[in-house]
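Student: Could you take a close look at one loop of this model, and then go on to the other parts of the structure?

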Amino acid sequence: MLNISEDIKEVKGDDLQELFGIRTGRLVLHWRDRLLLFRFPEGEKLGLDLRAEVKGYNVFECPNCGEYITLDVEVGGDHPYRAMKSAMASASRALARLERLDQKVQKATGERITFQHVILTFPPALRGLSEEKAWEVFRAFWEGLKSEYTLGEASKLLGMSKEELKEKIDRGEIKAEEKPGKRGTIRRITREEILRFRGFKVPEDEEEDEEHDETKYLRKSFKERGWGAWVNFHTWSSREPWKLLKGERHLHFHVVLAMLGVKDDGSFELPRTGWIDMDALRVAWAWAIEQVTGYRFDWNEDLKHQLDVRPDSYFTLKDKGRAKLLHELKYSTRRWAVDFAMRAIESENVSSRSPGPEFLSCRLTSQENSPDPGTGNVKEGFLDLWRAPNKARAFGWWRCLRGLLGEEIEAKKRCPVCGDVVRYLGKLGWNEVTDFSEIVLVGKKGRVLKLPRAPGWFLDLILGVNNVGVSSYPTSQGSPVLD
Ligand SMILES: [Zn+2]
């Protein structure tokens, strides 16, 4: 018999049989399972329902990966585990529909949809921006910005009077395009010309060279391209979620972009190049921020430093892409409370199973650090923050995906490893598990690891529910770190 208090971290899957008198099968753990360790008495005092009970196992069968078991859990309405489950459910629904659409596209064009996850941030000076304004910026970005401006508009954008602008045009410093108007010729300044004057190096306009499609990005928005997207707005940094309690917001959008154009007649159009030029994207995003908020970038200097516009890799729904999309969607849709709880667990105070001092207790009672200093109502402010939904908004054809498919697609349970549709085989109690040979962990970024042994946190959970009568055992520190 193993000495639990000393060797808990060294237990191998097979040893579970010895420990608990059960035989084990293939266990798939998900990083969110670790959320079940979250204890937060202060939150419960405020009225949060954070019950968590691990009942046993659920058994599934995946056509690719075979039979596997996962934890069977019951949690209270405010538990971050529940929030993660619901993010998973909406991601699965979206995936089911996109897979069908992808099949249609393949049938019609022989190609597959390319997806891209883009992160769009705001400069730190705008961290106080309201949610409404932030979405306004995104809409301006999505719908496309004007490609040419009147002299009046251009002078505002350039921060000079109309007279100064006219002089600069006369001296040839700024190029104006002459166009026929109702009463003779009118002058227009293009967006590129304004950018050029403000110090931005506009990509050379290659003639009709389709390979350089991205250089035309400034003139063609995602909307004009007829693309679709799933968009979430986050006000916190996943790395430091507690900072939101201090009013330190970190505003950014997660955009899961489907680079597929759907024309009015329902036909599909795929981009010639399967990628977006990130500099062009950064400019378009900064431009939208300027238009909506009045913020002014120094286009020479700080555009790159002020704006973190990040692409993830491109992928299709082939092979690992399906699981990747599932992951990107649910990652974007997860709520602040999930990141908060996860960081609390990962913090040093994990042994006491409550958020460390940098997290909570002190903050909840301190008015200046409360989420809503204006009202001084710490409790309401905190509960609102905790329960704040993070609903995705759809753009382009993604808004009418159901209509586009012409049928309702049933969302089915997905394999956490490969994303395929799985069959539910039933529940098992702790004592009923059979043939358990492997432990697989699905990490935060959707990465799949085979673990040589059960992680400490999982054993913490098992010991909790099985009540083995161990009063003190080592903490999870030193267990495999989730990425
Ligand atoms: Zn699978």
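Predicted model: local features only at pLDDT ≥ 70, side-chain atom pairs only at ≥ 80, totals over all residues.

Tutor: Ser267 sits in the loop that runs between strand E10 (261-262) and strand E11 (268-269). In space, the C-alpha atom of Ser267 is 9.4 Å from that of Thr109, although 158 residues separate the two in sequence.

Other loop positions can be described in the same terms. Pro63 belongs to the loop between strand E2 (52-62) and strand E3 (66-75). With 11 other C-beta atoms within 10 Å, Pro63 is exposed. Its C-alpha atom lies 6.9 Å from that of Val422, a residue 359 positions away in sequence. Lys175 is placed in the loop between H7 and strand E6 (177-181); because 13 other C-beta atoms lie within 10 Å, Lys175 is classed as partly exposed. Its C-alpha atom is 9.4 Å from that of Phe197, which is 22 residues away along the chain. Asp319, in turn, is found in the loop between strand E12 (309-311) and helix H12 (321-333). It has a positive phi of about 45° although it is not a glycine. Asp319 is exposed, having 11 other C-beta atoms within 10 Å.

For the protein as a whole, the secondary structure amounts to 17 helices and 16 strands. Of the 483 residues, 34% are buried. Among contacts between residues at least 6 apart in sequence, 72% join residues at least 24 apart.

In soluble globular proteins, nonpolar side chains tend to be buried together. Here the largest nonpolar core has 103 residues, and Ala229, Leu257, Ala258, Trp285 and Ala341 are the members that touch the most others. Helix H4 (residues 80-109) supplies the largest share of this core, with eleven residues. Apart from neighbours within four places in sequence, Ala258 contacts Ile113, Phe115, Trp227, Gly228, Ala229 and Trp398. There is also a second, separate core of six residues, including Leu157, Leu165, Ile174 and Ile194.

Ala134, Val137, Phe138, Ala140, Phe141 and Trp142 are buried in H5. The buried residues of this helix pack against helix H9 (222-225), strand E8 (228-234), strand E9 (252-258), H10 and strand E13 (393-396). Just after H5 comes Gly144, with a positive phi of about 105°.

H10, one of the partners of H5, can be treated likewise. Helix H10 (residues 278-293) comprises 16 residues, which at 1.5 Å a residue should span 22 Å; the distance of 22 Å between its end C-alpha atoms agrees with this. Its buried residues are Leu281, Arg282, Val283, Ala284, Trp285, Ala286, Trp287, Ala288 and Ile289. Gly294 follows H10, and its phi is positive, near 80°.

Helix H13 (residues 336-346) is mostly covered, with nine of its eleven residues buried. These are Trp336, Ala337, Val338, Asp339, Phe340, Ala341, Met342, Ala344 and Ile345.

Helix H6 (residues 151-158) packs with helix H7 (residues 162-170) at an angle of about 100°, their axes being 9 Å apart. Angles of 65 to 115 degrees count as roughly perpendicular, and H6 and H7 are therefore assigned to that class. On the H6 side the contact is formed by Leu151, Gly152, Ala154, Ser155 and Leu158, and on the H7 side by Lys162, Leu165 and Lys166. By class, four residues of this contact are nonpolar, two are polar and two are charged.

Technical notes: Residues numbered from 1 in each chain as written. Axes fitted to C-alpha atoms, helices over the stretch in contact; angles between N-to-C directions. Helix = DSSP H or I, 4+ residues; strand = E, 2+ residues; numbered from the N terminus. Parallel < 35°, antiparallel > 145°, perpendicular 65-115°, else oblique. Contact = placed C-beta atoms within 7 Å. Nonpolar A, V, L, I, M, F, W, Y, C, P; charged D, E, K, R; others polar. Buried ≥ 20, exposed ≤ 12 C-beta atoms within 10 Å, placed from the backbone. Core = buried A, V, L, I, M, F, W, Y, C linked by C-beta atoms within 7 Å. Expected span 1.5 Å × (residues − 1).
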